[in-house]
Amino acid sequence: MSLKLILLEKKDVILASWFDRILDTYPAETAKFLKNQKDRFANPVGQTIHEGIEGIFHELVRGGESEKASGFLDAIIRVRAIQEFTAAQAVAFIFFLKSIIRDGIKDTPLSAELVEELASLESQIDSLVLIAFDIFMQCREKLYDIKANEMRNMTYRLLQQANLVTEIEGAGKETNFISIPKKEVKT
């Protein structure tokens, strides 16, 4: 029997275990909510994780392209990037799959062919971690850009309110500069 068939037979157990391991990375109350709330609108994070890991699993088992799996990864990583996870914590959930699969097939006698298939699958999982890391970094860069732009805009608005910004029109383009009033020197 091939590794693909074994994994498909154990799909529900593997996915449930993977989902639980991911939820263990969250605080206890959050994990409890994510696990017990089944309404996709009340629990979009839990739904995103569940759909994402199922898609990743199917792409891995069928030997699909990394690009398709990266779409599922993207959804999960985007959520984890805006949460308080470090880069390592955000992508570590992918590594969980290796041990879950090994636990799932521990009762299966491993032929040379199965060992080779398992090594190939684990290599694919490692590749997904690298893709996830890139996605995480892109999301964090975007978040920092948004925060920097918001800070710049907020500072500009404060300067406008304090009448420290003057607008000059020239050559059809608006130019802004800071005008600091001079203090009078008393003699």
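Predicted model: local features only at pLDDT ≥ 70, side-chain atom pairs only at ≥ 80, totals over all residues.
**Entry 1**

Residues are numbered from 1 along each chain as its sequence is written, and side-chain values use heavy atoms, without hydrogens and water.

Helix 5 spans residues 66–82, and its axis comes within 9 Å of that of helix 6, crossing at roughly 145 degrees. Axes are lines fitted to C-alpha atoms, for helices over the stretch in contact, with angles from 0 to 180 degrees between N-to-C directions. Helices are DSSP runs (H or I, at least four residues) numbered from the N terminus. I list Leu73, Ile76, Ile77 and Arg80 of helix 5 against Gln89, Ala90, Val91, Phe93 and Ile94 of helix 6, with contact meaning heavy atoms within 4.5 Å.

**Entry 2: helix 2 and helix 6**

I then took helix 2 (residues 11–23) and helix 6 (residues 87–104), whose axes come within 10 Å and cross at roughly 140 degrees. In helix 2, Ile14, Ser17, Trp18, Arg21 and Ile22 meet residues of helix 6 including Phe93, Phe96 and Ile100.

**Entry 3: helix 6 and helix 7**

Which angle do helix 6 and helix 7 adopt? I find about 165 degrees, with the axes 9 Å apart and helix 7 covering residues 112–161. That makes helix 6 roughly antiparallel to helix 7. Helix 6 passes helix 7 in a right-handed crossing. Among the contact residues are Ala87, Phe95 and Ile101 of helix 6 and Leu121, Ile125 and Phe136 of helix 7.

**Entry 4: the nonpolar core**

Which residues touch the most other members of the largest nonpolar core? Of its 44 residues, I record Leu7, Trp18 and Phe93. Such a core joins buried Ala, Val, Leu, Ile, Met, Phe, Trp, Tyr and Cys through side-chain atoms within 4.5 Å, buried meaning under 20% relative accessible area with a 1.4 Å probe, protein chains only. Helix 7 gives the most to this core, with ten residues.

For Trp18, setting aside residues up to four places away in sequence, I list contacts with Ile53, Ile56, Phe57, Phe93, Ile94, Phe96, Leu97 and Ile100.

Notes:
Helix = DSSP H or I, 4+ residues; strand = E, 2+ residues; numbered from the N terminus. Parallel < 35°, antiparallel > 145°, perpendicular 65-115°, else oblique. Left-handed = near helix turned anticlockwise from the far one by under 90°. Buried < 20%, exposed > 50% of the residue type's maximum accessible area, 1.4 Å probe, protein only.
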